[in-house]
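Thanks for coming. I have one structure to go through today. Please have a look at it first.

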Amino acid sequence: MRTIWGERAAKSGRAGKDADRTGKTGRTTKSERAGKTGRTTKSGRTGKRGRAAKNRRAPEARAEHHTLALPLRLLAMLCAFAFMVAFAVVLARLTLQPSPASAALAHSNLRPGRSVEAYLNQPALRDAVKQIGGNLLLGVPFGVLVPVLAPRARGIVRVLLLTASVMLLVELAQGALVTGRAFDVDDVILNTTGALVGYLLLGRRLGRAVHARAPKK
């Protein structure tokens with residue numbers, strides 16, 4: 001007859017064999033299967049949504065941080081408007097004032113580069129710098145002031161198109177109405193280039209500081 005101790009030993013032996021078979025077959029528990037499948041908990045999903053919301057709010061916070069306060073924005077726009085009016089007066093005097101002494105020398109130029117080549121071929125370097133540099137400087141205020149005055153025209157393409165349109169009208173008025181003046185396409189190109197320089201150096205930063213961009217939804 002088996003004793004109680006013998007029966008217990010036999011049961012423990014069978015349990016050990018069952019455990020060994022379970023280990024050999026590779027059966028895993030529910031917790032192990034959950035870990036292998038990579039399932040996330042509710043707290044993990046909530047944390048991810050919170051981080052995503054913070055990332056969406058970050059650009060808006062940066063835009064508000066770099067934008068000036070409303071009184072400073074109004075003051076900047078008022079100063080830009082005053083400078084633009086003063087610049088318009090100077091531009092009119094420089095470009096639309098008759099020059100009877102130059103009537104015999106004024107000739108229209110429709111080929112890009114011809115007048116610039118003539119400026120560079122002048123004996124005195126000072127005259128070339130005066131002609132080319134003066135036309136470049138006439139376009140700089142457009143690149144600086146337009147992004148501040150017109151929020152919808154802050155892009156570089158719009159600034160250049162606006163500058164080219166205004167200067168084209170000025171040149172057409174010179175050639176048709178002003179004595180001693182002629183239409184020159186190189187002047188339009190140089191003026192537009194000056195606007196590009198002014199926009200890249202200062203106008204883009206001023207436009208972003210005065211006018212905040214609309215947040216993307």
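A word on the source. This is a predicted model, in which local features need pLDDT of at least 70 and side-chain atom pairs count only at pLDDT 80 or more, while totals for chains, interfaces and linings use all residues. Residues are numbered from 1 along each chain as its sequence is written, and side-chain values use heavy atoms, with hydrogens and water left out.

Start with helix α7, residues 156-177. Helices here are DSSP runs of H or I with at least four residues, numbered from the N terminus. α7 has 22 residues and spans 31 Å from first C-alpha to last, close to the 32 Å expected at 1.5 Å a residue. That expected span is 1.5 Å times one less than the number of residues.

Which residues of α7 are buried? They are V159, T163, M167, V170, E171 and Q174. These residues lie on the same side of α7, because they cover an arc of only 95° around the axis; the arc is taken from the directions from the helix axis to the C-beta atoms. On the other side, V157, R158, L161, L169, A176 and L177 are exposed. Buried means under 20% relative accessible area, exposed over 50%, and partly exposed in between, with a 1.4 Å probe and protein chains only.

What do the buried residues of α7 pack against? The partners are α4 (70-95), α6 (125-149) and α8 (185-210). Contact means heavy atoms within 4.5 Å.

Take α6 next. Its axis comes within 10 Å of that of α7, and the two cross at roughly 120°. That makes α6 oblique to α7. On the α6 side the contact is made by F142, G143, V146 and P147, and on the α7 side by V159, L162, T163, V166 and M167.

α6 also packs with α8, at an angle of about 30° and with the axes 5 Å apart. That makes α6 roughly parallel to α8. Axes are lines fitted to C-alpha atoms, for helices over the stretch in contact, and angles run from 0 to 180 degrees between N-to-C directions. Under 35 degrees counts as roughly parallel, over 145 as roughly antiparallel, 65 to 115 as roughly perpendicular, and the rest as oblique.

Now the two residues. N191 is found in helix α8 and is buried, with a relative accessible area of 1%. Leaving out residues up to four places away in sequence, N191 touches N135, L138, G139, T163 and M167.

R73 lies in helix α4 and is partly exposed, at 26% relative accessible area. The C-alpha atoms of R73 and V210 are separated by 5.2 Å, although these residues are 137 residues apart along the chain.
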